[in-house]
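Subject: Structure handover

Hi,

Here is the structure I promised to pass on. Please open it and keep it in view while you read my notes.

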Amino acid sequence: MVAQSLGFDQMLKTSRSSKLMYCCIISSLVVILITTWACPESQVRVSTRPHTFEELVTTPSGINDPCAGKRIYMYDLPPKFNVALLKRCGKKLVKWIDFCPHMQNYGFGQMVSKSTDAPLFAKDWYGTDAYMLEVIFRARMQRYKCLTNSESEADAYFIPYFAGIDALNSLYTDNRTETLGPELVAWLQDNATDSWQRHGGHDHFLIAGRTAYDFARPLEGSFDNWGTTLLNLPELANITDLTLESRKWSGMDQAIPYPTGFHPATAGSLRKWTHQVLTVSRRYLFAFSGALRPSMTTSIRGSLYDQCLRATTRCSLLDCSKIKCSHNPVPIYSKLLLAEFCLQPRGDTATRRSVFDSIIAGCIPVFFHEDTAYNQYSWHLPTTDPQKFSVFIPEEGIKNGSIVVEEVLGSYSKSRISEMRDELIKLIPGSLYRHPDSRDAVLTEKFRDAFDLSIDGMLKKVASFKLSNSATTVRS
């Protein structure tokens, strides 16, 4: 009886406790509902968006996905925007330009081994045209390991338009006509509506394989003005333009390396060349390769040419107005390998392919203007302390005769030169475009070439935009 009474009392207490608990819960819910209704700003927004690029490329389960955040969709453009242009290579775009030899071998041009007996250039060297970047890049993109066929799964979108080749008619003929840029915009709007509108084009990119100024004619300008209007089309204002030289005030331009003549297919080939760069006997203090610009009164090339002559045995000179250098890397590299420093003055524009020839040859570049490299290739060259791998001499000092190049470069010690060359060696892989057919796992996985670094830079730019856009959305 007592036991039953005690059990009943305990049950009563438990029941009272439960009722009290339920009342507390209901009261709390009422308070929350009233607070939410009266003060909606008191709600705490919990963002589930990733905060870093590393979080973007990791699946929720914690398993690293090698293609997460790196998937790229390449539009299947009508042939007239790319491959059909190549079929017109034989002087059909410009009567005096036959670029058929240059488009061979994925845009690398003809193999050097067929035209030279120099054993150093017997393999992986080509007569590459500086403006075949669009063809080269498309060939690499077709073999990109994270290429996707799903527009909805893509992190970025590549537009394989051969803008520079299409521009030839507009750049080099008197009978200039509108290029395919406006038609490209119309095609994207009609055939890529979802992906094109998703981020307003911020996750799209294309290769314009010339300087950005070649595509920046004002929309209201006449055909007598230089270039095409591609980069000024308002519909393309948000896409990233990978060019050989950027307009430093444009946040959508990004300069990537000029193609050089070396396109290794194996890690062994790259290592063999690097060994050559490190061990070759450099007989000259500095070298100058290029053609003079007598019609350009602001050019310092003539002054540097004269200084090279006065330096006699300390300077190696290659006058490209007398020897055709543009499609033959043999004479260029034969000179660059013999010098400690290589002069890199501005040419028709601020940049020049010789900058990357110099890096690949281990010849320390000497710059005279910051726009030649320092303000250009932020995805490929060091942006902090660039004088670890280069020398800077103010252009004005050459113009007014107050600076003698031989004296400046002669002040560098052998140990300092050796340290700078070691820095250059690190930059060689990222300054060249390897062969797209390479099956060498060491080359493709260990060494990041110019294409890889371009893709890395683009994906990080897109990820940064999406994170910023997501944060803005959450705050609003």
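In what sense do S6 and S7 pair, and over how many bridges? They pair in the parallel sense, over five bridges. One example is Ser289, whose bridge partner in S7 is Leu318. Bear in mind that this is a predicted model.

Now the whole sheet. It is open and has five strands, in the order S7-S6-S8-S9-S10, with parallel pairing. The edge strands are S7 (315-319) and S10 (391-392), and each pairs on one side only. In general, strands of a sheet pair through backbone hydrogen bonds.

Look at S7 again. Four of its five residues are buried, so S7 is mostly covered: buried means under 20% relative accessible area.

Next, S8 (residues 339-344) and S9 (residues 364-367). These two strands run parallel and are joined by four bridges. Leu343 has Val366 in S9 as its bridge partner.

Two helices to find:
- Helix H11 (residues 301-310) packs on the sheet and touches S6 (284-290), S7 and S8. Its direction makes about 135 degrees with that of S7.
- Helix H16 (residues 414-427) lies across S8, S9 and S10. It runs at about 95 degrees to S9.

Last, go to helix H4 (residues 104-107), where Asn105 lies. Asn105 is not a glycine, yet its phi is positive, at about 55 degrees. Tyr106 is not a glycine either, and has a positive phi of about 65 degrees. Asn105 counts as partly exposed because its relative accessibility is 32%. Tyr106, at 28%, also counts as partly exposed.

Best wishes

Notes
Residues are numbered from 1 along each chain as its sequence is written. This is a predicted model: local features need pLDDT of at least 70, side-chain atom pairs count only at pLDDT 80 or more; totals for chains, interfaces and linings use all residues. Side-chain values use heavy atoms; hydrogens and water are left out. Two strands pair if DSSP finds at least two bridges between them. Contact means heavy atoms within 4.5 Å. Axes are lines fitted to C-alpha atoms, for helices over the stretch in contact, and angles run from 0 to 180 degrees between N-to-C directions. Buried means under 20% relative accessible area, exposed over 50%, partly exposed in between (1.4 Å probe, protein chains only).
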